[in-house]
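Subject: A structure for you to look at

Hello,

I am passing on a structure that is new to you, and my notes on it follow below. Please open it and read along.

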Amino acid sequence: MGSEVVRAVTRADGMTTVGGVDINEDRDKIGRAQVVVDFTHPDSVMDNIEWCLQLGIHMVIGTTGFTEERLERVRELCEAHPEVGVLIASNFSIGAVLMMKFAALAAPFYESAEIVELHHPNKADAPSGTSATTARRIAAARAEAGLGEVPDATVHDDGARGAVVDGIHVHGVRLRGLVAHQEVLFGAEGETLTIRHDSFDRVSFMPGVVAAIRHVVEQPGLTLEMEQVLGL
């Protein structure tokens, strides 16, 4: 992802790449950047945020694994540095953002909903940030529509029913050859609806990353997800 970001920024009008560092490398190499794009690891991202905000550097963050406690800490840091913009997104692909939007629109109309997310085996977190965000949005739309729990008579599953995020089952696949893929499955009597998105190459995330970079320099404070950037 870092290499793709460098190539995308180099091609983008009005942008220049300052440099790049990996985990445990000297961050002072990028200390003069206006914006830092973070695709690192859940174990290192919080320290990176504190370092960047102390220097007044805007951030675009694609690293996942953010809990409510972590987000609250980011809000505190943004309040302490009100001139800095931070954007955290679970997915920068335009298609993936639309998939999540479509899933939330469909959720009130179907009794059943489940998610299957498929990624490369080097991914650190499961379920993925995209699937967790999708599940929370589906659950919120169902609650607003007055739907009850998703029907499921399973008593013994030995883990086969996957993780549960706000009442929505999420099944994770980690397989060599994959990049990032997700299916959202809805069901009602006599029909199903499947919303699927596939990223076959990491270049698919770059238009969103570039748009997010332009956004944070003009929008101080914390922005969650890409809807505001894309005007959705």
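Let's begin with histidine 215, which sits in helix H6, residues 206-216. Please keep in mind throughout that this is a predicted model. Is histidine 215 buried or exposed? Its relative accessible area is 12%, and because buried means under 20%, histidine 215 counts as buried. Setting aside neighbours within four places in sequence, histidine 215 has contacts with Leu87, Thr223, Gln228 and Val229.

Another buried residue to look up is glutamate 227, with a relative accessible area of 13%. You will find glutamate 227 in helix H7, which covers residues 227-230. Not counting residues up to four places away in sequence, glutamate 227 touches Val97, Arg137 and Leu232.

Now for the charged pairs. Side chains of opposite charge can pair when their charged atoms come close. How many salt bridges does the structure hold? The count is 12, and I picked out a few for you.

One of them joins the side chains of arginine 27 and aspartate 47, at 2.9 Å from N to O. Arginine 27 belongs to the loop between helix H1 (2-11) and strand E1 (35-38), while aspartate 47 is in helix H2 (residues 45-54), so this pair ties together parts that are 20 residues apart in sequence. Both partners are partly exposed: arginine 27 has 23% relative accessibility, and aspartate 47 has 45%.

A second salt bridge pairs arginine 161 with glutamate 114, with 2.6 Å from N to O. Here the pair links distant parts of the chain, 47 residues apart: arginine 161 is in the loop between helix H5 (129-144) and strand E5 (163-165), and glutamate 114 is in strand E4 (residues 112-119). Arginine 161 is buried, at a relative accessible area of 16%.

There is also a network to find, in which salt bridges that share partners join Glu50, Arg73 and Glu76. Within it, glutamate 76 and arginine 73 form a salt bridge whose closest N and O atoms are 3.3 Å apart.

Finally, have a look at how two helices pack. Helix H4 (residues 94-106) and H5 have their axes 8 Å apart and meet at an angle of about 25 degrees. Angles under 35 degrees count as roughly parallel, so H4 and H5 are roughly parallel to each other. The crossing of H4 past H5 is right-handed.

Which residues make this contact? From H4 come Met99, Met100, Ala103 and Ala104, and they meet Thr130, Thr133, Thr134, Arg137, Ile138 and Ala141 in H5. By type, the residues of the contact are 6 nonpolar, 3 polar and 1 charged. You have already come across Arg137 above, as one of the residues that glutamate 227 touches.

Methods:
Residues numbered from 1 in each chain as written. Predicted model: local features only at pLDDT ≥ 70, side-chain atom pairs only at ≥ 80, totals over all residues. Heavy atoms only, no water. Helix = DSSP H or I, 4+ residues; strand = E, 2+ residues; numbered from the N terminus. Buried < 20%, exposed > 50% of the residue type's maximum accessible area, 1.4 Å probe, protein only. Contact = heavy atoms within 4.5 Å. Salt bridge = Lys/Arg side-chain N within 4 Å of Asp/Glu carboxyl O. Axes fitted to C-alpha atoms, helices over the stretch in contact; angles between N-to-C directions. Parallel < 35°, antiparallel > 145°, perpendicular 65-115°, else oblique. Left-handed = near helix turned anticlockwise from the far one by under 90°. Nonpolar A, V, L, I, M, F, W, Y, C, P; charged D, E, K, R; others polar.
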